[in-house]
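Subject: Structure handover

Dear colleague,

I am passing on the structure that we spoke about, and I would be glad if you kept it open beside this message while you read.

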Amino acid sequence: MRRAHASIWMAGLLGLGVGLAGSVPGQAQGGTGQIDLYVGGAAGAEGIKLGGWGSGMATADATYKTIGEASIKVETNGYYAGGRIEFEEPKDISAVKNDPFGFLEFVVKFQPGKKKERQQENNNPEMGYPGSGGAPASPGSGGAFAEGGAPGEIGGFPGAFPGGGFPGAPGAAPAEEQLRPDTDFVKVQIKCEEGTFTATDFPNLMLPSAQDGWYSVAIPFVKFNGLDKVDTAKIQEIRVFGNYKDTFWIGEIRTTVDDEPINADPVDDEERSVGELIEFRAQATGGLSPLQYVWDFDKSDGLQEDAIGQVVHKAFFKPSPDAPGRPGEPQPYLVTLTVRDLSGAKRSVRKECNVIVNR
């Protein structure tokens, strides 16, 4: 099970059909796989230097705090403008970087997003969100991660290219119950003695922290390109970017090992009429792992991935056929939910339910 954390469930990211269903991060406790990189102290006391990349910036700030006396204020403006956290002494993560259940975990405070307001002001609600280096999610893909460009050397290209927009679909919980920051994808680089490794276009999947108003954002080490190819990894610098102009605060940074298996609640059986819209709702836990929810609405037809998301809707336009050898007795449609870990480390879980469609 996940070390030093307790389980709860959190709704997923808009438009991707993924959710971070998992745990409430606690204070750093030094458990197996846990290496504290920043614990909320003043920059000098923590042995870090803060700076910017492009037009972005990271600065020390005492406005918001978690377990320490300060936090790191990060101002981003796309994947080429963000904050830099430089360690005076490299942080050795060699012991955890190749663990399939290993994560780089940030405890972050976000602001409510204003993206939609800005788009409405511009009378162009269909425009893409500036700063996304990748392409829009492909229909039916569940939000494939597109590779964006990496920033140049220090003092290099500022600003960001406009990217394609990501379609927004309802998440598993009503929007008013969740904080929706402008940053919905992140890019993180770790510069090590052994090279620089990048996780690009990772969904900003937010899990409530032990501290009120703060969220855990955890990126699997397997998402850092090339990190598994080196024998050791000693972090000299962490660079943080978002896909949109935003300001947020980092209160803690650590490595975490989370091997909590995926568990999914049963899906309710349904009985409806032809053409009646049915809402299917999934709920699962899986520690820090980013989970994807895939639905097949009729197992007998051999098709897969009819819909992706924690909450999906479906209307059946043909009544249930008669059960074999039992005229007049309906044979239900068999609906299958598959919950899988996008990092590929954990075993997928399947749940089935029956839907009877009356004439």
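Below is what was found in it, going from the whole chain to single residues.

This is a predicted model, in which local features need pLDDT of at least 70 and side-chain atom pairs count only at pLDDT 80 or more, while totals for chains, interfaces and linings use all residues. Residues are numbered from 1 along each chain as its sequence is written, and side-chain values use heavy atoms, with hydrogens and water left out.

The chain has two helices and 27 strands, where helices (H or I, at least four residues) and strands (E, at least two) are DSSP runs numbered from the N terminus. Of its 359 residues, 51% are buried, a word that here means under 20% relative accessible area, with a 1.4 Å probe and protein chains only. If we take the contacts (heavy atoms within 4.5 Å) between residues at least 6 apart in sequence, 77% of them join residues at least 24 apart.

Strand β27 (349-358) pairs with two others, and strands count as paired if DSSP finds at least two bridges between them. With β26 (333-341) it runs antiparallel over seven bridges, and Val339 stands opposite Val349 in β27. With β18 (residues 270-273) it pairs in the parallel sense over four bridges, where Glu271 has Ile356 as its bridge partner.

Beyond its neighbours within four places in sequence, Ile253 is in contact with residues including Ile35, Leu104, Phe106 and Ile238.

Which loop holds Lys346? Lys346 is found between β26 and β27, and it counts as buried because its relative accessibility is 8%. Its side chain joins that of Ser289 in a polar contact of 2.9 Å, a term for a pair of N or O atoms within 3.5 Å; within protein, one must be able to donate a hydrogen and the other to accept it, and residues adjacent in sequence count only if both atoms are side-chain atoms. Leaving aside neighbours within four places in sequence, the contacts of Lys346 also include Asp258, Asp259 and Glu260.

Definitions and conventions: Buried < 20%, exposed > 50% of the residue type's maximum accessible area, 1.4 Å probe, protein only.
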